[in-house]
Amino acid sequence: MNYATIKKFDVANGEGVRVSLFVSGCTHKCKGCFNAEAWDFNYGQPYTDAVRDEILDALKPDYIRGLSLLGGEPFEPSNQRALIELLRMIKRELPGKDIWCYSGYTYDVDLCAGGRAHTEVTDEMLSYMDVLVDGEFVEELKDIKLRFRGSSNQRIIDVGRSLKDGCVRLWKDGGAGGTYY
């Protein structure tokens with residue numbers, strides 16, 4: 001896997017100050033994508049053990065809330081297989097950090113068993129995530145007033161509650177008056 005960039009003090013892609021990893025490779029190719037250069041699986045730099053360790057070190061300070069995975073597409077099958085060890089290590093070594101992921105794939109169609117992006121590690125990846133912003137970006141539904149998403153079709157999913165309840169549960173945004181999306 002390659003990655004486009006790492007942002008060590010990101011405040012736009014989830015709650016609090018975060019470390020964000022932008023992976024390379026995306027087959028969605030959404031019209032109007034803000035990161036179209038990362039569609040190419042060969043874009044950027046190789047993701048290595050040293051890069052993984054750099055991310056883990058960047059997550060250690062108390063003021064860092066957690067990790068956000070973006071792209072490209074973190075749930076492209078080849079990217080899942082490269083990211084799983086990072087997620088395992090975060091949950092083992094830094095259990096107080098939360099994990100957000102942005103994906104054009106949908107939780108209850110593409111990422112479930114039998115879905116087009118489901119692999120042998122998808123369920124495990126989801127089990128480590130706190131929030132999943134799912135659905136392709138749709139330029140015609142773009143709304144710059146939306147918090148943590150680009151178009152109104154995208155959902156902000158509370159993954160833990162969804163896994164526990166067996167259905168999609170939307171994330172409760174405490175920063176916007178406690179409303180559900």
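User: Which exposed residues does the face of α1 turned away from its buried side carry?
Analyst: That face carries Asp49 and Ala50, where exposed means over 50% relative accessible area, buried under 20% and partly exposed in between, with a 1.4 Å probe and protein chains only. This is a predicted model, in which local features need pLDDT of at least 70 and side-chain atom pairs count only at pLDDT 80 or more, whereas totals for chains, interfaces and linings use all residues. Residues are numbered from 1 along each chain as its sequence is written, and side-chain values use heavy atoms, with hydrogens and water left out.

User: What makes the buried residues of α1 line one face of the helix?
Analyst: Helix α1 spans residues 49-59, and its buried residues are Val51, Arg52, Ile55, Leu56, Ala58 and Leu59. Seen down the axis of α1, these buried residues fall within an arc of 165°, so they line one face of the helix; the arc is taken from the directions from the helix axis to the C-beta atoms. Helices (H or I, at least four residues) and strands (E, at least two) are DSSP runs, numbered from the N terminus. The cover over the buried residues of α1 includes β1, β2 (17-23), β3 (45-46), β4 (64-70) and α2.

User: What does the side chain of asparagine 2 reach, and at what distance?
Analyst: The side chain of asparagine 2 reaches the backbone oxygen of asparagine 42 at 3.0 Å.

User: How do you know whether serine 162 counts as buried or exposed?
Analyst: The relative accessibility of serine 162 is 1%, so this residue counts as buried. Serine 162 lies in helix α4, residues 159-165, and among its contacts beyond four places in sequence are Tyr107, Cys167 and Arg169.

User: What is the relative accessible area of serine 127?
Analyst: Serine 127, whose place is in helix α3, has a relative accessible area of 44%, and so it is partly exposed. Serine 127 and glycine 160 are 33 residues apart in sequence, while their C-alpha atoms are 7.1 Å apart in space.

User: What makes lysine 60 and aspartate 57 a salt bridge?
Analyst: Their closest N and O atoms are 3.1 Å apart, and a salt bridge is a side-chain nitrogen of Lys or Arg within 4 Å of a carboxyl oxygen of Asp or Glu, so the pair qualifies. Lysine 60, at 49% relative accessibility, counts as partly exposed, as does aspartate 57 at 46%. A search of the whole structure finds 20 salt bridges.

User: Where do glutamate 85 and arginine 88 lie?
Analyst: Both lie in helix α2 (residues 77-93), three residues apart, about one turn of the helix, and their side chains meet in a salt bridge of 3.4 Å, N to O. In general, an α-helix has 3.6 residues a turn, so residues three or four places apart point the same way.

User: How many Å separate the closest N and O atoms of aspartate 130 and lysine 91?
Analyst: The closest N and O atoms of this salt bridge are 3.6 Å apart. The pair links distant parts of the chain, with aspartate 130 in the loop between α3 (122-128) and β6 (131-134) and lysine 91 in helix α2, 39 residues apart. Elsewhere, salt bridges that share partners join Glu85, Arg88, Arg92, Glu93 and Glu124 into one network.

Conventions. Polar contact = N/O pair within 3.5 Å; in protein donor to acceptor, adjacent residues only side chain to side chain. Contact = heavy atoms within 4.5 Å.
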